[in-house]
Amino acid sequence: MSRLLRVVLLAQGEITLAGAVVLTLMPTAIPAAVGITLERDDYLLVYLLAAAELAAAVLSFGAVRLSEAVAIRLVVITLAVLHGRSEERRVECRSRWSPYH
């Protein structure tokens with residue numbers, strides 16, 4: 001595995017781990033940053049997202065130890081799809097809650 005890919009996977013792992021921790025400890029912080037107000041009844045959804053972020057972080061940290069190219073490629077594709085879909089959902093959510101919508 002290249003040094004650059006190792007650094008990217010470690011950085012991605014740290015960022016998603018931080019996101020999981022913030023979502024778990026302060027469930028309204030990240031949604032509030034994009035203008036979404038959550039009620040206590042909505043916290044389960046946030047906790048499920050935190051669990052997915054934690055899983056992505058574990059996958060990233062574990063991938064750093066892999067040496068087989070096919071396995072590394074599978075992890076990278078999985079992370080790209082997971083976070084690509086999450087960004088797409090964030091954009092949809094922002095536009096849905098936008099005052100101009």
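**Rings and helices**

Modeller: Tyr43 and Tyr47 sit four residues apart in helix H3 (residues 43-63), so about one helical turn separates them. Helices here are DSSP runs of H or I with at least four residues, strands are E runs of at least two, and both are numbered from the N terminus. The model is predicted: local features need pLDDT of at least 70, side-chain atom pairs count only at pLDDT 80 or more, and totals for chains, interfaces and linings use all residues. Residues are numbered from 1 along each chain as its sequence is written, and side-chain values use heavy atoms, with hydrogens and water left out.

Biologist: How many aromatic pairs are there by the ring rule?

Modeller: One aromatic pair. The rule takes rings of Phe, Tyr and Trp (its six-membered ring) with centres within 6.5 Å; planes under 30 degrees apart are stacked, over 60 edge-to-face, the rest tilted.

Biologist: Why is the pair of Tyr43 and Tyr47 edge-to-face?

Modeller: Because their ring planes are at 80 degrees, with the centres 6.2 Å apart.

Biologist: Is Tyr43 buried or exposed?

Modeller: Tyr43 is buried, at 16% relative accessibility, while Tyr47 is partly exposed at 37%. Buried is under 20% relative accessible area, exposed over 50%, partly exposed in between (1.4 Å probe, protein chains only).

Biologist: New topic: what does Gln12 touch, leaving aside neighbours within four places in sequence?

Modeller: Ala56, Ser60, Leu79 and His83, where contact means heavy atoms within 4.5 Å. Gln12 lies in helix H1 (residues 3-25) and is buried at 18%.

Biologist: And what's the secondary structure of the chain?

Modeller: Four helices and zero strands.
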